[in-house]
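Subject: Structure handover

Hi,

Here is the structure for you to look through. Please open it first, then read my notes below.

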Amino acid sequence: MMASRLLHLHLRRRGGSRGGAPVLPLLAARLLSSSLSPSPAAAAGGAGIEKVLVANRGEIACRVMRTARRLGVATVAVYSDADRGALHVRAADEAVRLGPPPARESYLNAAAIVEAAHRTGAQVIHPGYGFLSESAEFAKLCEAEGLKFIGPPASAIRDMGDKSASKRIMGAAGVPLVPGYHGAEQDIELLKQEADKIGYPVLIKPTHGGGGKGMRIVQGPGEFVDSVLSAQREAAASFGVNTLLIEKYITQPRHVEVQVFGDQHGNVIYLYERDCSLQRRHQKIIEEAPAPNVTAEFRSHIGEAAVSAAKSLNGLFVLKAVGYYNAGTVEFIVDTLTGEFYFMEMNTRLQVEHPVTEMIVGQDLVEWQIRVANGERLPLSQEQVPLNGHAFEARIYAENVPRGFLPATGTLHHYRPVPSTSTVRVETGVEEGDTVSMHYDPMIAKLVVWGESRSAALVKLKNCLSNFQIAGLPTNVGFLQELASHSAFEKGLVDTHFIERYKDDFVSTSAKSLDESRGVAELGAILAAACICKKDHTTSEGSLRGDKTPSVWYNNPPFRMHHFARRPLELELDKEHDGSNEELVKLFITYRSDGSYFIENGPHLGREYFNIIKQDPLGIGFHTEHGTSGLDVKVDHKGDHDFRVDVGGLQTDVTLAFYSKDNSKHIHIWHGKHHHHYRQTVRAEHVVEDSSQPSHSSEGKSHPKGSVLAPMAGLVVKVLLEDGAKVEAGQPVMVMEAMKMEHVVKASQAGYLEGLKVTAGQQVFDSSVLFTIKRCKLRSIGPGNRTLTDPDNAAAANE
């Protein structure tokens, strides 16, 4: 096989012995320190790894394949019907279909994955993270089928992967635990009794899996039963197991975890800690390594606790006790009020945030996984592990931040990540034109940066986020910019409630900040208008041939009797940031003989915004000409989406992206640190629709008063009430699921349900009408007496 020949050729060049097992070369993906020496050979008689099947999708599948390819190991991808053309499928040497889009029928189908390995001749299976990565049954199946599972032994996965079992093991050994119930009995009345004993608030958590899925904070006994049922459904959908544990909820915790690694020769080390406290919906969105504001003593203490639970933790050798090898992460809750840390759980796999550890230690952890699975020893001892600089990871999601971070779907019409360098990595599983579907996790990419210090790394993170361009669906990029720029985060003052605590700082609350944001949005419209005109001129000049006469506007210079050519342009600002209604920006563009544009505001909202800009906070040279307020803009079209604009002598780069959807032309502009989204309404015959997504017939239309719309595209899991039922404001009506996360749809007001036609198992589109609530009006039946009308009469009265 080609992979085998390349591997043996590499070994001969490095002087590898033919008498022993092949040596996998150690080539760090991103080194901050000097290159490492070759590792010793695997145990005598061992077979080298020549082909690996990656039992996952998206960015982690691409990440594993990149390292395997560098090592000369052939790769096999697996895919569902929804991922037939996905990047990880195109990146692999071979790919095998698993089944339909639902994870249970594809990426959780262990038998189909093993069959794919046999079919392609893969010797090992890398599970990535999520899906089957922490399934002891899958690890045992691989072993029974003669396949190597790149991960710990099944017994360790069983003992540590089951959070209740791991806590019982740790508790019996005297390891500090958060007070809670970790038993096997799952009767809901028993669980409620245990919660009452612990005292509210409590945290409900699935015993298997991770990523925040199925976690619920319960503030009081009245919420407990519904929270348990919801958590069980979400856990079953995500991990195939619906058992739960209950813990006392620490009110001001930090989430600090330690990367550990073991080999099959009894060696176990830690690779320092990561802080993962910045979370929303119990899911991490910014991680960093090492943890900020901790002492060297704390770092050593928590690292030793993760590896061997040192004498201060009653001498339990945690990892060695379960015979652990390969990658793992021991997670701790750190009480910020007391400084104490408590064992939370152990993830027996590679974590999503492993790149930040790679950046500070200069190692490729996927390569370590492959080497350990091949029987080799760890390449470093504990004393040899370097700690260089600081790293951040920001997870970029398709999600609607103003709607409470609900997952979003759609097409990546424009996707331009920042370039990768020795200190910047972009881990992604998509390309421009790909679709983010409702079936899987909505993460688009991970942005990873390194700096010599935390402050240097943070500067780089902010800069990269401002230049990370995505258009076509809502994302959290702007929100990540706000987080990274918050003064408390800059000081490293983080805990898991950071976003909730400072939520008012992440929206424009003061009149001044609101005005400034509107002024920048208006400036974006001006720059977009100038660039659109320049692109039109460039295109028209290239398309006009022969005796064709250009329009007045496209003459160079344009000409009208006694006037320069002047055209109107209306752009609707899509205010994704604060979730409020769109605002119309009316502009007039005059094309001058020197090729520049004079852009003036219209009589409506633009006038208010120009008054803001007239104060010239950005130093852009606002001026008034012949009684009209406007700006002089010069544009150089650098090609395709890129422009260089000059406004009042201040030059800056601008990028524009265009696509059509919902009878509108969508325009995105990036300038400086800002990104804005505008729409232009066009006639239907001129629209080229986004054919990759279903037509949302209800989107963009007005709806009857009282209509409740789907907050996201997803699956109706459960309908709690019947059509015509009376509801109170805030009462749950149905449960939806998208990307393995549940969302309860509640009544927006009191009244009666009308038009509730959806059923469990039905797919619905974002912003489609789920039902309408008709409010009952009071009518008089005599002096001092009033009664409710029936819902039909009430509905008629409301129309």
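A salt bridge is a side-chain nitrogen of Lys or Arg within 4 Å of a carboxyl oxygen of Asp or Glu. By that rule, a search of the whole structure turns up 43 salt bridges. Keep in mind that this is a predicted model.

Take one example. The side chains of D81 and R97 form a salt bridge, at 2.6 Å from N to O. D81 sits in the loop between β2 (74-80) and α3 (87-91), while R97 belongs to strand β3 (residues 94-99), so the pair ties together parts that are 16 residues apart in sequence.

Next, two helices. Helix α8 covers residues 188-198 and helix α9 covers residues 224-239. They pack at an angle of about 120°, and their axes are 10 Å apart. Angles of 65 to 115 degrees count as roughly perpendicular and those over 145 as roughly antiparallel. α8 and α9 are therefore oblique to each other. Their crossing is right-handed.

Which residues meet there? From α8 come I188, L191, K192 and A195; from α9 come F224, V225, V228 and L229. Seven residues of this contact are nonpolar, one is charged and none is polar.

Strands of a sheet pair through backbone hydrogen bonds, either parallel or antiparallel.

Strand β36 (residues 732-738) pairs with β37 over six bridges, in the antiparallel sense. To find one of these pairs, go to M734: its bridge partner in β37 is V745.

Another open sheet of four strands has the order β33-β40-β38-β35, again with antiparallel pairing. Its edge strands are β33 (707-709) and β35 (726-727), and each pairs on one side only. Strand β38 (residues 751-754) and strand β40 (residues 769-774) are joined by three bridges, in the antiparallel sense. Here, look for L753: its bridge partner in β40 is I773.

Best wishes

Methods: Residues numbered from 1 in each chain as written. Predicted model: local features only at pLDDT ≥ 70, side-chain atom pairs only at ≥ 80, totals over all residues. Heavy atoms only, no water. Axes fitted to C-alpha atoms, helices over the stretch in contact; angles between N-to-C directions. Parallel < 35°, antiparallel > 145°, perpendicular 65-115°, else oblique. Left-handed = near helix turned anticlockwise from the far one by under 90°. Contact = heavy atoms within 4.5 Å. Nonpolar A, V, L, I, M, F, W, Y, C, P; charged D, E, K, R; others polar. Pairing = 2+ DSSP bridges.
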